[in-house]
Amino acid sequence: MKTIKLVLLLIGISVIGCSDLEENPQGVLAPESFFNSIADIQTAVNGAYGHMTHEDFWGRKFSLTIMLRGDMVDIGDPTTSLRRIEHNEFNVLADNGMIDGFWTRVYQIIGAANQAIAGAELVDADQDAKNAVIAQAYFARAFTYFHLVRLFGDLPYLDAPVTDIVAAGSISRTPAEEVYANIIADLAFAETWLPNTQPARSLPSKATAKGYLALVHLTRGDYQLAYDKAKEVIDNEGIYELALEPDFQNLFNAATIDASQEPLFSLDFEAFRNGDDGQDYAPALTGIRSDEQYGIGGGWSVAVPALSVFENWDDDDYRKAVSFDATGVFNGNVEPFTVFRDFNSRAVNRPHIAKYTRGTGTTANNNGRASQHNYSMMRYAEVLLIAAEALNEISGGNAEAFQYVNRIRARARSGNGAAVPADVSGLSQDEFRDLVMEERRLELAFEFKRWYDIARRRMGNEVFGASGFEGEKVNFDPNQDYLLPMPADELARNPNLTQNPGY
């Protein structure tokens with residue numbers, strides 16, 4: 001394995017605090033001299049979460065990759081980087097720059113979590129008190145590997161700090177099933193030791209661990225286990241201080257999201273940056289070129305919804321108005337999307353994503369970069385949808401499953417007097433299966449979930465065919481494209497690593 005790129009970065013912890021975490025140091029930690037108290041363990045844990053708000057991960061490279069691979073978002077500006085276009089068109093090469101960019105960062109998250117877990121052994125303190133802190137590290141490790149295993153399948157699995165560079169440099173790929181077993185074990189530890197609530201949603205709680213266990217089981221097709229864990233969250237929503245946010249728009253407004261009880265876990269940007277730490281690019285990447293309406297200098301029109309996504313979404317569904325900007329402001333005038341390109345040659349005449357531009361809060365850069373956004377990695381609405389989908393697979397046509405979807409649809413009507421989206425009842429198992437996948441597509445639109453749904457349900461041939469939202473993606477190959485290629489330079493340096501089929 002590429003020593004500089006992976007191994008050395010895992011020996012120490014590069015720490016930068018993310019918002020709502022108590023510590024904000026930077027540097028490289030030597031475990032023997034650093035870990036003296038529970039507060040030191042927390043500082044190391046914060047390093048793992050701090051890496052998540054780096055440009056390499058949720059700031060741009062990782063999040064943009066999984067957004068573009070779905071069937072709802074297309075490239076708007078054709079002059080954008082080829083490494084992005086490759087994902088959108090399923091022409092990804094093993095040396096793709098997006099993958100090279102985030103590969104190291106995700107292993108830094110894992111490395112920091114491993115260091116916190118190992119460092120805790122050096123601290124002379126009550127074990128229960130230590131467990132409550134290192135449970136956050138177990139969750140961070142599980143969260144990161146859950147992303148990786150869905151994207152790469154078999155992959156290098158590290159569950160301890162690297163102390164032997166030679167051994168680490170010759171590591172092989174761990175089978176995906178073993179990785180999943182480790183993820184489940186980590187989440188089970190987190191579920192046991194995390195508190196019912198946290199002072200901020202950027203720290204995982206017991207509900208967070210349960211919600212992710214439900215999603216892991218759903219991904220693996222273990223529907224009874226998925227339902228059981230989702231139901232535990234639902235049955236304890238009061239204890240866990242969870243609820244659907246009454247106004248869907250508030251979930252994407254930096255000024256209101258902190259007060260919401262809907263997120264189970266968030267990556268919280270704070271409008272400051274240190275280089276690419278804390279650098280949020282989603283508003284820039286999704287915003288309208290030269291648009292004046294939000295005072296952030298417009299966006300770059302890179303990740304833009306396919307027009308048919310907008311056209312096929314019922315106007316009476318309030319989520320449509322929240323999710324899209326169909327007008328922009330140019331030279332002080334409100335203009336429809338059909339003329340966006342008249343005001344910038346790199347714009348595109350399509351409605352744009354509004355979830356990350358309409359309520360950025362304070363930003364450290366123009367275009368909305370380094371915003372104050374909280375990015376919900378999981379919302380309570382998704383837990384309801386997990387329960388609905390899993391229960392339908394266990395017992396088709398189930399009234400309880402209908403109820404969970406109806407809770408979400410009631411909010412989507414937003415008191416507008418319309419019957420859209422209508423309550424669900426009387427559907428067969430197959431009909432409801434299709435409906436709940438559609439409900440996930442709409443409720444979680446542009447929230448970096450769609451690709452994972454396509455991959456786990458193996459819907460690629462359908463959604464990337466001629467009748468798909470983006471038109472036919474002729475390069476999509478179901479024998480290859482449900483997984484990403486392992487980075488070419490990693491394989492070149494470690495003969496024990498193998499490539500995914502087709503690359």
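Okay, let's start in strand β8, where Arg379 is the bridge partner of Pro263. That pair belongs to a set of five bridges joining β2, our strand with Pro263, to β8, residues 374-379, and the two strands run antiparallel. How many residues of β2 are buried? Six of six, across residues 263-268, so to speak a strand that's mostly covered.

Before I go on: this is a predicted model. The mean pLDDT for the chain is 93, with 94% of residues at 70 or more. The part to watch is residues 1-29, where pLDDT stays under 50. The model still has 89 contacts for that stretch beyond four places in sequence.

Strands β5, residues 327-330, and β6, residues 333-336, are antiparallel and joined by four bridges. If you want a pair to click on, Gly328 sits opposite Glu335 in β6. Two residues lie between the strands, and have a look at Asn331 in that turn: its phi is positive, about 55 degrees.

Last stop, the helices. How do α6 and α7 pack? Helix α6, residues 82-89, meets helix α7, residues 97-120, at an angle of about 100 degrees, and their axes are 7 Å apart. An angle between 65 and 115 counts as roughly perpendicular, so that's what we call α6 relative to α7. On the α6 side you've got Arg83, Arg84 and His87, and they meet Gly97, Met98 and Ile99 in α7. Sort that contact by class and you get two nonpolar, two polar and two charged residues.

That's my tour, thanks.

How values were computed. Residues are numbered from 1 along each chain as its sequence is written. This is a predicted model: local features need pLDDT of at least 70, side-chain atom pairs count only at pLDDT 80 or more; totals for chains, interfaces and linings use all residues. Side-chain values use heavy atoms; hydrogens and water are left out. Two strands pair if DSSP finds at least two bridges between them. pLDDT is the predictor's confidence in each residue, from 0 to 100. Contact means heavy atoms within 4.5 Å. Axes are lines fitted to C-alpha atoms, for helices over the stretch in contact, and angles run from 0 to 180 degrees between N-to-C directions. Angles under 35 degrees count as roughly parallel, over 145 as roughly antiparallel, 65 to 115 as roughly perpendicular and the rest as oblique. Ala, Val, Leu, Ile, Met, Phe, Trp, Tyr, Cys and Pro count as nonpolar, Asp, Glu, Lys and Arg as charged, and the others, Gly among them, as polar. Buried means under 20% relative accessible area, exposed over 50%, partly exposed in between (1.4 Å probe, protein chains only).
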